[in-house]
Amino acid sequence: MPIASPLLQKMGGLEVSKVVHEHQGWRLITWQVIGIHSASELHTKLNAATRTSRLGILYFTATWCGPCCFISPLYTSLAEKYRKIVFLKVDIDEARDVAARWNIRSVPSFFFIKNGKEVDKVVGADKSALERKIAQYAS
C-alpha cells in the first residue's frame with residue numbers, strides 16, 4: 001500500500017504543502033493547494049506571496065457546487081504544474097468572512113493576485129480560460 005505523508009516546505013517564507021507518496025522504494029512528490037480558513041490566514045499567505053513576487057490564485061468554492069467539483073481536479077493538477085504560483089482555496093461556507101470580504105456572488109471564482117492587487121479573474125468552471133490565464137501569468 002502506498003504511504004502518503006504531508007510535509008511543509010518554506011519557499012521564501014511561504015509554507016507550501018506537498019505530499020510524499022512512497023511505494024516499493026519509489027517516492028512521488030505532489031504539490032497541494034493551500035486551504036484558507038480565515039481572513040487572517042489569507043492575509044498572511046497573500047503577504048508572503050507578495051514578498052516573494054509570486055502570483056497568488058484565490059479559488060472560491062463550495063462542497064455543494066457541481067461546477068466546483070468539476071474544476072477542482074484541474075486546479076489541483078495546475079498547482080502541481082506551476083509550482084512558483086501560490087494556489088489558495090476558500091470554501092465559502094467555512095470562511096464566510098473571506099467570501100464576504102471578496103464579495104463572492106458565484107462559485108467557482110478565481111482571483112489572480114499580484115503584489116497584493118487583483119490583476120484578473122475567472123468566474124465559472126471554464127477550464128480553458130483558467131488554464132490560459134494561469135499559463136499567461138506564469139510566463
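Student: How many residues in the lining of the largest pocket are nonpolar, polar or charged?

Tutor: The lining divides into five nonpolar, one polar and three charged residues. Here Ala, Val, Leu, Ile, Met, Phe, Trp, Tyr, Cys and Pro count as nonpolar, Asp, Glu, Lys and Arg as charged, and the others, Gly among them, as polar. The model is predicted: local features need pLDDT of at least 70, side-chain atom pairs need 80 or more, and totals for chains, interfaces and linings use all residues. Residues are numbered from 1 along each chain, and side-chain values use heavy atoms, without hydrogens and water.

Student: Which residues line the largest pocket?

Tutor: Rolling a probe the size of a water molecule over the atoms shows where empty space is left. The lining consists of Ser 53, Arg 54, Leu 55, Tyr 82, Lys 84, Ile 85, Lys 114, Tyr 137 and Ala 138. The space in this pocket is about 150 Å³. (A pocket is an open set of points on a 1 Å grid over the protein atoms alone, where a 1.4 Å probe fits, with protein on both sides within 12 Å along at least five of seven lines; lining residues have an atom within 4 Å of a point. The volume is that filled by probe spheres set on the points, which are joined across faces, edges and corners.)

Student: Which residues of helix 1 are buried?

Tutor: An α-helix has 3.6 residues a turn, so residues three or four places apart point the same way. In helix 1, the buried residues are Ala 39, Leu 42, Lys 45, Leu 46, Ala 48 and Ala 49 (buried is under 20% relative accessible area, exposed over 50%, partly exposed in between, with a 1.4 Å probe and protein chains only). Helix 1 covers residues 39–51, and just after this helix Ser 53 has a positive phi of about 55°.

Student: Why is strand 7 described as largely enclosed?

Tutor: Strand 7 (residues 109–114) is largely enclosed by the rest of the structure because five of its six residues are buried. Strand 5 (residues 56–61) runs antiparallel to strand 7, joined by five bridges, with Tyr 59 opposite Phe 110. Strand 8 (residues 117–123) also pairs with strand 7 in the antiparallel sense, over six bridges, and Ser 109 faces Val 123 there. (Strands pair if DSSP finds at least two bridges between them.) In the hairpin of strands 7 and 8, two residues lie between the strands, and Asn 115 takes a positive phi near 55°.

Student: How many helices and strands does the protein chain have?

Tutor: The chain has four helices and eight strands, in the order β-β-β-β-α-β-α-β-α-β-β-α. (These are DSSP runs numbered from the N terminus: helices are H or I with at least four residues, strands E with at least two.) Of its 139 residues, 43% count as buried.

Terms used. Expected span 1.5 Å × (residues − 1).
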